[in-house]
Amino acid sequence: MSMVEAAGWIAIVDDDPFVLKGLARLLRGRAFNAKTFESAEEFLAALPDGPPECLILDLQMPDMTGLELQQHLARMGIRIPTIIITAHGDMEVRKRCEAAGAIAYLLKPVQDTTLFAAIDMARNRADR
């Protein structure tokens, strides 16, 4: 693993503490540097420290949804490869997320292999 890989981090934003804990444990088990945030606002407050190389984002959250966070980042000119996770397989919402820059739209419960494939895709995109 190169120093560049070790420096990158992955943000997980979900209002469900069980999902946050589970995903963080899964990612750390694969030696990823994962940081968890319980709201879009909490994530935005951490952005001045530099953006993550990948954002795993829950769609349904109070206050600011995952899609609203994506659109907000895009308006600020911040492009982060984003993986949307949701319990709702809505095609219209999926299209809007992809239009806002989501590279993957995964249904909960997320399969480990599917998630890691999406993270690889996101990290490859972050290198460019």
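Modeller: Buried means under 20% relative accessible area, exposed over 50%, and partly exposed in between (1.4 Å probe, protein chains only). This is a predicted model, in which local features need pLDDT of at least 70 and side-chain atom pairs count only at pLDDT 80 or more, while totals for chains, interfaces and linings use all residues. Residues are numbered from 1 along each chain as its sequence is written, and side-chain values use heavy atoms, with hydrogens and water left out.

Colleague: Why is Lys 108 called partly exposed?

Modeller: Its relative accessibility is 28%, which lies between 20% and 50%, so Lys 108 counts as partly exposed.

Colleague: What makes Asp 58 and Lys 108 a salt bridge?

Modeller: The term needs a side-chain nitrogen of Lys or Arg within 4 Å of a carboxyl oxygen of Asp or Glu. Here the N to O distance is 3.1 Å, so the pair qualifies. Asp 58 sits in strand β3 and Lys 108 in the loop between β5 (102-107) and α6, 50 residues apart; strands (E, at least two residues) and helices (H or I, at least four) are DSSP runs, numbered from the N terminus. Asp 58 has 3% relative accessibility and therefore counts as buried.

Colleague: How do you know that Asp 14 is buried?

Modeller: Asp 14 has 0% relative accessibility, which is under 20%, so the word applies. Its place is in the loop between β1 (10-13) and α2 (17-29).

Colleague: What links Asp 14 to Lys 108?

Modeller: Their side chains make a polar contact at 3.1 Å. That term covers N or O atoms within 3.5 Å, one able to donate a hydrogen and the other to accept it; residues adjacent in sequence count only if both atoms are side-chain atoms. Asp 14, Asp 58 and Lys 108 are also linked in a network of salt bridges. A polar atom of the Asp 14 side chain lies 2.8 Å from the backbone nitrogen of Asp 16.

Colleague: How many salt bridges does the whole structure hold?

Modeller: A search finds four. One of them joins Arg 123 and Glu 53, with the closest N and O atoms 2.9 Å apart. Arg 123 is in helix α6 (residues 112-126), and Glu 53 is in the loop between α3 (40-46) and β3 (54-58), 70 residues away. Arg 123 has a relative accessible area of 15%, so it is buried; Glu 53, also with 15%, is buried.

Colleague: What separates Glu 98 and Arg 94?

Modeller: About one helical turn, because they are four residues apart in helix α5 (residues 91-99).
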